[in-house]
Amino acid sequence: MGTVLKGVSRVQWHELQHAYGPATAVPGALSRVAWGDARTSEGALSDLGLWLAELAVFDATVAAVPFLWEPAVSAAVTCRPGVIEVLQAVLEHGNPPRMEVQRGAHRAVLGGRTAADRLTRDSDPPVRAAARDLVTAIDNHRCETCRPG
């Protein structure tokens, strides 16, 4: 799979859950986002958004976020603004019954702040705009779960 998504096969996706059940389809969707044509990438990204960040975050979200940062910063990926928007959606959603999952998902996004800053200077205007929105969301993130104890 090249350097983008290297290590995705080491995740035990079948043991993780997303919004609709076992996360076994997540690595394939990540791959289609990273290497698909525009139509394929957008479809896969739509699936990932629904599975990982539509209304809540899940243990599959925690595992997937590092792999979402990779296509976000790869100029060859056709749907980078959408990937950045999914990362922002992760930061905006929680999982109150599973606070450790919420904390893990949010921290995985917050940990990409340096990449988000770089993306605000990207040559693609839609990427820059999405990145600026994400940086603002990161800077304004104040959920109780993520506050240091």
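Helix α1 (residues 26-35) and helix α2 (residues 38-53) cross at roughly 140 degrees, and their axes come within 8 Å. Helices here are DSSP runs of H or I with at least four residues, numbered from the N terminus, while axes are lines fitted to C-alpha atoms over the stretch in contact, with angles running from 0 to 180 degrees between N-to-C directions. The structure is a predicted model, in which local features need pLDDT of at least 70 and side-chain atom pairs count only at pLDDT 80 or more, whereas totals for chains, interfaces and linings use all residues. Residues are numbered from 1 along each chain as its sequence is written, and side-chain values use heavy atoms, with hydrogens and water left out.

The pair α1 and α2 is therefore oblique, the class for angles that are not under 35 degrees (roughly parallel), over 145 (roughly antiparallel) or 65 to 115 (roughly perpendicular). The crossing of α1 and α2 is left-handed, that is, the near helix is turned anticlockwise from the far one by less than a right angle. On the α1 side, Val26, Ala29, Leu30, Arg32 and Val33 take part, and they meet Thr40, Ser41, Ala44, Leu45, Leu48, Trp51 and Leu52 of α2. The residues of this contact divide into 9 nonpolar, 2 polar and 1 charged; nonpolar covers Ala, Val, Leu, Ile, Met, Phe, Trp, Tyr, Cys and Pro, charged covers Asp, Glu, Lys and Arg, and the others, Gly among them, are polar.

Serine 41, one of the α2 residues in this contact, is worth a look of its own. Its relative accessibility is 0%, so serine 41 counts as buried (under 20% relative accessible area, with exposed over 50% and partly exposed in between, for a 1.4 Å probe and protein chains only). Neighbours within four places in sequence aside, serine 41 is in contact (heavy atoms within 4.5 Å) with Arg32, Val33, Gly36, Thr78 and Cys79.

From α4, Arg80, Pro81, Ile84, Leu87, Gln88 and Leu91 meet Pro126, Val127, Ala130, Ala131, Asp133, Leu134, Ala137 and Ile138 in α7. By class, this contact has 11 nonpolar, 1 polar and 2 charged residues.

Helix α6 (residues 113-119) holds alanine 116, which counts as buried at 0% relative accessibility. With neighbours up to four places away in sequence left aside, alanine 116 is in contact with Trp69, Ala131, Leu134, Val135 and Ile138.

In the loop between α2 and α3 (59-73) sits glutamate 54, partly exposed at 40% relative accessibility. Glutamate 54 touches Gly49 and His93, not counting residues up to four places away in sequence. Its C-alpha atom is separated by 7.1 Å from that of alanine 89, 35 residues apart along the chain.

Finally, the cysteines: a search of the whole structure finds 0 disulfides, a disulfide being a pair of cysteine sulfur atoms within 2.5 Å. The closest cysteine sulfur to that of cysteine 143 belongs to cysteine 146, at 3.3 Å, which is too far for a bond. Cysteine 143 is buried, with a relative accessible area of 18%, and cysteine 146 counts as buried at 13% relative accessibility.

Methods
Helix = DSSP H or I, 4+ residues; strand = E, 2+ residues; numbered from the N terminus.
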